[in-house]
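This report describes the fold of one protein chain and then the surroundings of selected residues. The sequence and the coordinates are shown first.

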Amino acid sequence: MENLLNFPPPTMVNKGVPKSAFYARSAQKTRLKDWLTREFDSITWLYKLTAQTLNVADGEKVEEIDVFLCRMKEDRYSINPFCSIDELLPRHTLFVIQYGEHTDLLMHHKEKTRVRGEEKWKRGVTELLKDVSLSQIHLHLLGASMDNVYLNLLGQLSGLNAHSEEEYAQAAAERKRRQQLQKQLETLERQCRAEKQPRRKYELHQKILKIKEQL
């Protein structure tokens, strides 16, 4: 298989992965098996990004980033299986999703936590870059350590200019706040257009102006 993302040759794996490798370890085995059987045509382990394959320093939080190519059976897909798969993997993961004539890149913010003294992985925000051209997009593996490489990849997919966990958390929270305000604004504008009573229409208009100020 060709080097789809033009990553360094030492990182390439290009190995097919049976769907059972994922659903066999899931607590919701039947549900995940149904998803994978119904929606996924094939899964290929494309790249293994480590300190050794990239010739960078070990990370404090990131040891390995695996890249999987997922070919879907239809020209649409559900994001739920990718959330379930990622929760099963004790490492960071980038999914290249091909469906119909389209390709998306998906990555979750993940971090290790401790629950009652036991190490667990916590999946956070989903970063989805839709309808990319693999011949034109260039994901850069930047950074002196695996932590830096991971954050830079996450930054490229999210479009957030973050170079640390703290910066990413703040930028993601601000993006979420703006998205919520935008939804409120759209709802109020619909209500304002439909409102016939002048006084109520004026009140809605004032709320719209306040949200626009915040945005």
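A contact here means heavy atoms within 4.5 Å. On that basis, and not counting residues up to four places away in sequence, Ser84 touches Leu32 and Trp35. The model is a predicted one, in which local features need pLDDT of at least 70 and side-chain atom pairs count only at pLDDT 80 or more, while totals for chains, interfaces and linings use all residues. Residues are numbered from 1 along each chain as its sequence is written, and side-chain values use heavy atoms, with hydrogens and water left out.

**Overall architecture**

The protein contains seven helices and six strands; helices (H or I, at least four residues) and strands (E, at least two) are DSSP runs, numbered from the N terminus. Along the sequence these elements follow the pattern β-α-α-β-α-β-α-β-β-β-α-α-α. The C-alpha trace spans about 65 × 45 × 40 Å along its principal axes. Of the 215 residues, 40% are buried, where buried means under 20% relative accessible area, exposed over 50%, and partly exposed in between (1.4 Å probe, protein chains only). Among contacts between residues at least 6 apart in sequence, 60% join residues at least 24 apart.

**The sheet and its helices**

The six strands form an open sheet in the order β1-β2-β3-β4-β5-β6, with mixed pairing. Strands β1 (12–16) and β6 (118–129) stand at the edges with a single partner strand each, so one side of each is left without a neighbour in the sheet. Neighbouring strands are turned by 20° against each other on average, direction ignored. Two strands count as paired if DSSP finds at least two bridges between them. Strands of a sheet pair through backbone hydrogen bonds, either parallel or antiparallel. Strands β2 and β3 run antiparallel and are joined by nine bridges; Thr50 stands opposite Glu64 in β3.

Two helices that pack on the sheet can be described together. Helix α2 touches β2 and β3, and its direction makes about 105° with that of β2. Helix α5 (residues 146–158) touches β2, β3, β4, β5 (102–115) and β6, and its direction makes about 135° with that of β5. Axes are lines fitted to C-alpha atoms, for helices over the stretch in contact, and angles run from 0 to 180 degrees between N-to-C directions.

Which residues of helix α2 (residues 29–39) are buried? They are Leu32, Trp35, Leu36 and Glu39. Seen down the axis of α2, these buried residues fall within an arc of 95°, so they line one face of the helix; the arc is that of the directions from the helix axis to the C-beta atoms. An α-helix has 3.6 residues a turn, so residues three or four places apart point the same way. The cover over the buried residues of α2 includes α1 (20–23), β2 (40–50), β3 (64–72) and α4 (80–88). Ser84 is found in helix α4.

**Selected residues**

| Residue | Relative accessibility | Class |
|---|---|---|
| Thr93 | 1% | buried |
| Ser84 | 18% | buried |
| Leu215 | 27% | partly exposed |
| Asp131 | 48% | partly exposed |
| Asn55 | 70% | exposed |

Thr93 lies in strand β4 (residues 92–99). Its side chain makes a polar contact of 3.0 Å with the side chain of Asp86. A polar contact is a pair of N or O atoms within 3.5 Å; within protein, one must be able to donate a hydrogen and the other to accept it, and residues adjacent in sequence count only if both atoms are side-chain atoms. Not counting residues up to four places away in sequence, Thr93 touches Asp66, Phe68, Asp86, Leu106, Met107, His108 and Lys110.

Leu215 belongs to the segment after α7 (198–214). With residues up to four places away in sequence left out, Leu215 touches Arg178, Leu181, Gln182 and Leu185. The C-alpha atoms of Leu215 and Met107 are separated by 27 Å, and the two residues are 108 residues apart along the chain.

Most residues other than glycine have a negative phi, and most peptide bonds are trans. Asn55, in the loop between α3 (51–54) and β3, has a positive phi of about 60° although it is not a glycine. Asp131, in the loop between β6 and α5, has a positive phi of about 50° and is likewise not a glycine.
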